[in-house]
Each structure stands twice: as C-alpha cells, then as structure tokens.
Amino acid sequence: RSFEKELKRAFIQNEFELFYQPQFSTDPRRLTGAEALIRWRHPDRGLLSPISFIDILSHKPSAPEIGEWILRTACQQAVKWRKNVPDFTMGVNLFEAQFRNGDLPSVVEKALTDTGLPAVALELEIVENILLHDDLNTLRMLKDLRALGVGLAFDDYGTGFASLSLLKRFPVSRLKIDRTFVRDADIDPEDEAVIRAILFLGRSFGMEVIAEGVETEAQFRLLRQMDCHHVQGYLFGKPVSPELFEQDFLAAA
Ligand code: G
Ligand code: G
Ligand code: MN
Ligand code: NA
C-alpha cells in the first residue's frame, strides 16, 4: 500500500488528532494561547509523533485536505477555550502545499465563519523557506490573510535561509524564536546574542516575539529579563490532548 492510500484511510477513519501546547505571557505569567500539533493514533503502531510522518505527509496529495481539517478543528477548539480565556489565540502550522492548492485565504475565511472564531484569535505559522521562491502568489495570499485579521508567525525563526529583507516585505505579525537558540541561551553568549537580535528585530518591525522550547527556569529568567513577551516549552507544558489541556491549563487560567 502506498503511503498516500494509508493517509487517506487514516483520515477517513479519524485517526488524526490534535494535541495542544500552551503559550504564556512572561509578565504576568498567564495562559494566552496554544499551538495545535498533529498526532496519528495508528491502529497497529500506537500514537505517532509528527516527526515520524509529517515530512512525507507534507509532500503527498492529501496534505491540503488534512491541513484544512487541522485548521477547522483547531478553530473549533479555540472558540470553546475563549469562553475561559477571552483573548486566547490558536496557532496552526500550515503545509506549503496549502499555498499552492486553491485559495488559502478563502479556506481560512470559511473556517473562521463556520466556527465563529474571530480572525484575531487565529495565528498561522509558516516557515521562512516558504518564501524563498519569492513567488507573488504566496505574497498575495499572505497579504490577504493579514487583511482578514489573522496573525502570521514565522516558525523556527532564525534557522531558515530567508533574508532579513523578507521582514520588510512580508506582513508577519510574530517571530517564533527557534528552540535551538533557546536551548543553550543561558550558557552560550552567542545564542543569547541571536535571541537579543531577534527581539530587537521584532520590536523594530512592530512584531511580537515568542520563544519556543523553554525547558528550564534559567532560560525563562533570561528571556523575561530580555523582555521576551511570550514563551512556549516543556517548562510550562508539553503538547497534550484537549481533555488534559482543559484540566492542566484552562482550569488554572
Ligand atoms: O509535536 P512536535 O513533535 O509535535 O512536531 C514535530 C514537527 O511537526 C514540528 O516541526 C511541527 O511544526 C510539525 N507539525 C506538528 N503538527 C503539525 C500540523 O498540524 N501541521 C503541520 N503543517 N505541521 C505540524
Ligand atoms: O516546528 P514546530 O516549532 O512547530 O514544532 C514544535 C515542536 O517542538 C513539537 O515537536 C513539540 O513537541 C516540540 N517542543 C515543544 N516544546 C518543546 C521543548 O520545550 N523542548 C523540546 N525539545 N521540544 C519542544
Ligand atoms: Mn510551529
Ligand atoms: Na517552531
């Protein structure tokens, strides 16, 4: 069986699930949102992490359809959680194929209308490399998405090949500092310098910045001291099922 067939089967049989990882403001430390992260509850192989299938999935014909399901499911979830946290935002990772298959802004607009989620509550995550080809169609879609009012975040920021001039031309609202810079930030002055530079860029361009992969109090202290406004990472919470998210993070918010 081809992987594409296996994906189709899994999709029809509802084997994909979304887990959610909480995001917090640093000062005061408060739940502000979540990132949706896919999991595959495979009948034989158990709960699969996206590391084992996301790269291949992203190149298969099913990617746009699964991407749309991810988007709609995450929007639906956010509507519910905004009853507890009124300014809650939901981050959704996009597949590059979603930009090349149909009209992404219409797909997003429809997901918002159908679920009743306000555009400001949705943040779409893209990687810098999506913009390497500098194609006008992608740029137009990103502008249309921003015009809807949804947030656009550069995921894994600082690790791609994109130039700084992209920040000038693309309507990005938030930079997500890649966790490889956060990992040794409190012991490696060069990683700390990269983070300072990203924070400075964010401020200069009027973008928000969130640090990913925060695992220790020392990393968190340093980020707060540098005025990094938002954080995400194992120190605050791993990606969990919606039930656990409600129990562990929403109940306390
Ligand atoms: O959860 P983590 O192991 O959960 O995710 C591993 C990788 O898979 C990350 O690079 C992440 O961006 C990607 N990923 C996880 N969930 C999704 C998703 O729903 N859509 C897309 N496009 N990528 C995802
Ligand atoms: O590429 P993206 O940033 O979307 O992927 C998020 C990935 O990072 C997921 O695999 C998620 O499980 C993982 N992750 C989230 N928080 C941490 C953390 O604190 N440490 C590490 N090592 N990985 C993390
Ligand atoms: Mn992400
Ligand atoms: Na990331």
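**Close-up 1. Pro28 sits in the loop that links strand β1 (16-26) to strand β2.** Helices and strands here are DSSP runs numbered from the N terminus, H or I with at least four residues for helices and E with at least two for strands. The peptide bond leading from Asp27 into Pro28 is cis, with omega near 0°. A quick note for every view: this is a predicted model, in which local features need pLDDT of at least 70, side-chain atom pairs count only at pLDDT 80 or more, and totals for chains, interfaces and linings use all residues. Residues are numbered from 1 along each chain as its sequence is written, while chains are lettered from A and ligands numbered from 1 in the order in which they are written.

Close-up 2. Asn14 counts as exposed because it has 9 C-beta neighbours inside 10 Å.

**Close-up 3. The largest nonpolar core has 65 residues.** Such a core is a set of buried Ala, Val, Leu, Ile, Met, Phe, Trp, Tyr and Cys residues joined through C-beta atoms within 7 Å. Residues with the most contacts inside the core include Ala36, Cys75, Met90 and Ile177. Helix α3 (residues 63-81) gives the most to the core, with 8 residues. Skipping neighbours within four places in sequence, Cys75 is in contact with Met90, Ala111, Leu112, Thr115, Leu117 and Leu122; contact means C-beta atoms, placed from the backbone, within 7 Å.

**Close-up 4. Helix α3 packs against helix α5 (residues 104-115) at an angle of about 35°, with the axes 9 Å apart.** Axes are lines fitted to C-alpha atoms, for helices over the stretch in contact, and angles run from 0 to 180 degrees between N-to-C directions. Glu68, Leu71, Arg72, Cys75, Gln76 and Val79 on the α3 side meet Val107, Val108, Ala111, Leu112 and Thr115 on the α5 side. By class, the residues of this contact are 7 nonpolar, 2 polar and 2 charged. (Nonpolar covers Ala, Val, Leu, Ile, Met, Phe, Trp, Tyr, Cys and Pro; charged covers Asp, Glu, Lys and Arg; the others, Gly among them, are polar.)

**Close-up 5. Ligand 1 has a shell of 10 nonpolar, 2 polar and no charged residues.** Among the residues surrounding ligand 1 are Ala36, Leu37, Ile38, Ser49, Asn93, Phe95 and Pro239; near means a C-beta atom, placed from the backbone, within 6 Å of the molecule or strand. Strand β2 (residues 29-42) supplies the largest share of this shell, 3 residues.

**Close-up 6. Around ligand 2 there are 13 residues.** Gly213, Glu215, Gly233, Tyr234 and Pro239 come nearest to ligand 2. This shell divides into 4 nonpolar, 4 polar and 5 charged residues.

**Close-up 7. Tyr157 is part of strand β6 (residues 151-157).** Tyr157 is buried, since 27 other C-beta atoms lie within 10 Å. Leaving out residues up to four places away in sequence, Tyr157 touches Leu175, Lys176, Ile177, Asp178 and Ile198.

Terms used. A residue is buried if 20 or more other C-beta atoms lie within 10 Å of its own, exposed if 12 or fewer, and partly exposed in between; C-beta atoms are placed from the backbone. Two residues are in contact if their C-beta atoms, placed from the backbone, lie within 7 Å.
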